[in-house]
Each structure stands twice: as C-alpha cells, then as structure tokens.
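Welcome, and please have a look at the model below.

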Amino acid sequence: MMLGSRGLGLSMGRMICGWDKEGPGLYYADENGTRLSGRMFSTGCGNSSAYGVVDSGYREDMTVEEASDLGRRGVAHAPHRDAYSGGVVNMNHMREDGWIQVCKEDVSELIHRYRKGMF
C-alpha cells in the first residue's frame with residue numbers, strides 16, 4: 001500500500017500495533033520499506049517535539065494512566081510547535097481483548113491545561 005508512494009517526493013510513516021500470542025507489538029513502516037519493531041515511535045512533521053516530551057518522561061514501569069498522560073502531552077506539543085501537525089489528540093489504548101479510546105481532545109485546550117509545565 002505505501003510502496004505506491006515511493007519516488008513521489010512524499011514522506012509517510014505509519015505506526016502499526018496489535019496483539020498476538022506473543023503479546024503486544026508496535027511497528028513502524030514507511031514508504032521506503034523501512035520496518036522497525038520497538039517500544040515507542042513518533043511519526044509526522046512534529047515528531048521531534050513529541051519525542052522530546054516523551055523521552056523526558058518515559059519509564060518502563062508506567063501505569064496506563066501515566067503513559068496516556070505522557071503520550072497526550074507529547075502529541076499536544078507537536079502541533080503547538082509545528083503548525084502542520086493538526087489540532088486533535090486522538091488516542092487509543094491497545095489491550096489483549098481490543099481497543100479502548102483514551103481521549104479525543106482539542107490541542108488548544110490541552111495546551112492551556114499543560115501551560116504551567118511548558119513555559
């Protein structure tokens with residue numbers, strides 16, 4: 001599907017996650033055929049801002065609530081620092097028995113909530 005974009009000057013990265021008999025899996029794939037397995041990825045034009053936030057707060061022993069808040073903060077920072085990144089944090093949590101929606105929040109509202117910690 002993504003290989004059709006190869007050579008067109010487009011940049012496209014996707015995160016793919018799921019659960020199988022070995023447990024949860026998270027993967028990154030791009031239009032050049034790069035495929036990586038890992039514990040954390042950020043894609044898109046604002047990913048360096050998101051990585052900065054997430055890298056500074058990530059711990060292996062985080063609860064789902066802590067990880068969700070950290071992810072929300074990271075995604076909210078991307079469009080705040082990069083106008084091309086969009087304006088909504090739409091986050092889901094993958095479990096063995098399916099997905100649950102964690103949030104669908106406007107970035108401008110989140111930025112006001114996090115403002116004290118940002119500046």
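## The second largest pocket

The second largest pocket holds about 170 Å³ of space. A pocket here is an open set of points on a 1 Å grid over the protein atoms alone, where a 1.4 Å probe fits and protein lies on both sides within 12 Å along at least five of seven lines; lining residues have an atom within 4 Å of a point. Grid points are joined across faces, edges and corners, and a volume is the space filled by probe spheres set on the points.

This is a predicted model, in which local features need pLDDT of at least 70 and side-chain atom pairs count only at pLDDT 80 or more, while totals for chains, interfaces and linings use all residues. Residues are numbered from 1 along each chain as its sequence is written, and side-chain values use heavy atoms, with hydrogens and water left out.

Ser11, Met12, Gly13, Arg14, Tyr28, Ser42, Thr43, Gly44 and Asn47 line the second largest pocket. By class, its lining has two nonpolar, six polar and one charged residues. Ala, Val, Leu, Ile, Met, Phe, Trp, Tyr, Cys and Pro count as nonpolar, Asp, Glu, Lys and Arg as charged, and the others, Gly among them, as polar.

## The largest pocket

The volume of the largest pocket is about 1700 Å³. It is lined by 47 residues, and the closest to its centre are Met15, Leu26, Phe41, Met91 and Asn92. Helix 2 gives the largest share of this lining, nine residues. Helices (H or I, at least four residues) and strands (E, at least two) are DSSP runs, numbered from the N terminus.

In the lining of the largest pocket, 26 residues are nonpolar, 18 polar and three charged.

## The nonpolar core

Which residues make up the largest nonpolar core? They are Ala76, Val89, Met91, Cys103, Val107, Leu110, Ile111 and Tyr114, eight in all.

Leaving aside residues up to four places away in sequence, Met91 touches Ser68, Gly71, Arg72, Gln101, Val102 and Cys103, contact meaning heavy atoms within 4.5 Å.

## The overall fold

Three helices and five strands form the protein, in the order β-β-β-α-α-β-β-α from the N terminus on. Of its 119 residues, 29% count as buried.

Note on methods: A nonpolar core is a set of buried Ala, Val, Leu, Ile, Met, Phe, Trp, Tyr and Cys residues joined through side-chain atoms within 4.5 Å. Buried means under 20% relative accessible area, exposed over 50%, partly exposed in between (1.4 Å probe, protein chains only).
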